[in-house]
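Biologist: Could you walk me through this model before I look at it myself?
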Amino acid sequence: MPIAVPTADELALLQDEAVAFTRDLIRIDTTNFGGNDPATWGRGETEAAEYVVAKLREVGLDPEVHESAPGRPSVFVRVDGQDRERGGLILHGHLDVVPARAEDWSVDPFGAEIHDGMIYGRGAVDMKDMVAMILALARHLARTGQRPPRDLLFVFFADEENGGVWGSDWMSRHRPELFAGMSEAISEVGGYSITLPEKDTGEDVRAYLVQTAEKGLIWGRLRATGRAGHGSVPNHESAIVRLARAITALDEHVFPFEFIAAVRALFDGVTEITGIGWDEETIRETLPLMGGARQFVAGTLGDSVNLTMLEAGYKGNVIPQTAEATFDARFLPGHQDELLALLDDLTGEHVEVVIDHIGNSVDSPRDAPLVATMTESVQAEDPGARVLPYCLSGGTDNKALFRVLGITGYGFAPLQLPKGLDFAPLFHGIDERVPIEAVRFGARVLLRLVRDC
Ligand SMILES: [Zn+2]
């Protein structure tokens, strides 16, 4: 028995709650400063988790809170489906946000002010909007007593902005039983629209990008060693010079373009809509077509290494024995070993590559029935829209769910965005904001998805 179509009142309440919860959650400052030192942890995640739990209990649901460490809670709540034998679907979001410097913003980053139909605040798109949508959705299902086709698990994670160390990664490894029976997951960063010019007519067509793949990451340091000494004595074994050579070698390395299947499918889809072809030579010209997704897509054409921090020396007339640089390397699905070997090769014999953290890549099936249901759900709410896969250059909690538990994850936090909105830079950006109508749209699409999943 399929879930009944909601009444107008039920649908209105679902959407109103998604908007109200987005604002409430932005007002709870859940800043994650990173690091694994409890002294630097705030209280925000606990307050946000308490908020979510209260909203779930209010409608008779029975959420569980599990802490990876004191003050690092993740919230779990299950909704039973009609077919208990089928693999379940996880809808997850993270409660934390990256820091916001109030002096850089035009509004209070934790004020959730509304201007021109947009909710402003840290977390507006990353990702209190989606957290609010799935919270409102869980409440809708509880209120109406509807059972989706299969089991659903709603999870509100801590610590995503620190690689999920105290959130998705910890929960997957230490509490796998909490995810029992689940086979697929949806979360950020996908399901939002870009606007393309249709071939022949030139009219606007919205394309929604479902994230089916994400790059992996290697965070680490280059540690150069040399001969220490007095600043007046010639020294050809300087750690600083050796480090500089290694950095130069990495910077001069040209990473070749490689178009993985998910990226190809995106560009082919864009060509089909716009009539504008693409190839390796013209790809830089094709990128602007991606509108608000341009920055996300630009990073998915190959592997990359960026140097992010430097440390060497302690006195102007002392040659130090060591010098260190921090790097952030990103690899396409399947390229992890290749990139590790390249780092070793390029940095030379006096520079050790110290690996601090590896985050796996994700490459989920694009032909899964769930992706077809996403497409139908979007098109039911936005007739004529197209849905295309894409690879995310960043990372999400889907990494841990896949690596540890084998759960297939997708980025699907649906938002219908206005044509000119440059979406990707809003993530971790200044004046982060989300259109109210986009949140209402997302709540309706997600309801359709769980109704038909
Ligand atoms: Zn996020």
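Predicted model: local features only at pLDDT ≥ 70, side-chain atom pairs only at ≥ 80, totals over all residues.

Biologist: Which protein donors does the zinc ion have?

Modeller: They are His94 (NE2), Asp126 (OD), Glu188 (OE) and Glu188 (OE), lying 1.8 to 2.5 Å from the zinc ion; donors are N, O and S atoms within 2.8 Å of the metal (3.2 Å for Na, K and Ca), and since water is not among the atoms, sites may look incomplete.

Biologist: And how are the donor residues spaced in sequence?

Modeller: The spacing is H-x31-D-x61-E, and distant parts of the chain are linked, with His94 in strand S3 (residues 88–94) and Glu188 in the loop between strand S7 (182–187) and strand S8 (192–197), 94 residues apart. Strands (E, at least two residues) and helices (H or I, at least four) are DSSP runs, numbered from the N terminus.

Biologist: Switching to helices, what do H3 and H12 bring to their contact?

Modeller: From H3 (residues 128–144) come Asp129, Met130, Met133, Ile134, Leu137 and His140, meeting Val439, Gly442, Ala443, Leu446, Leu447 and Val450 in H12, where contact means heavy atoms within 4.5 Å. By class there are nine nonpolar, two polar and one charged residues, counting Ala, Val, Leu, Ile, Met, Phe, Trp, Tyr, Cys and Pro as nonpolar, Asp, Glu, Lys and Arg as charged, and the others, Gly among them, as polar.

Technical notes
Residues numbered from 1 in each chain as written. Heavy atoms only, no water. Axes fitted to C-alpha atoms, helices over the stretch in contact; angles between N-to-C directions.
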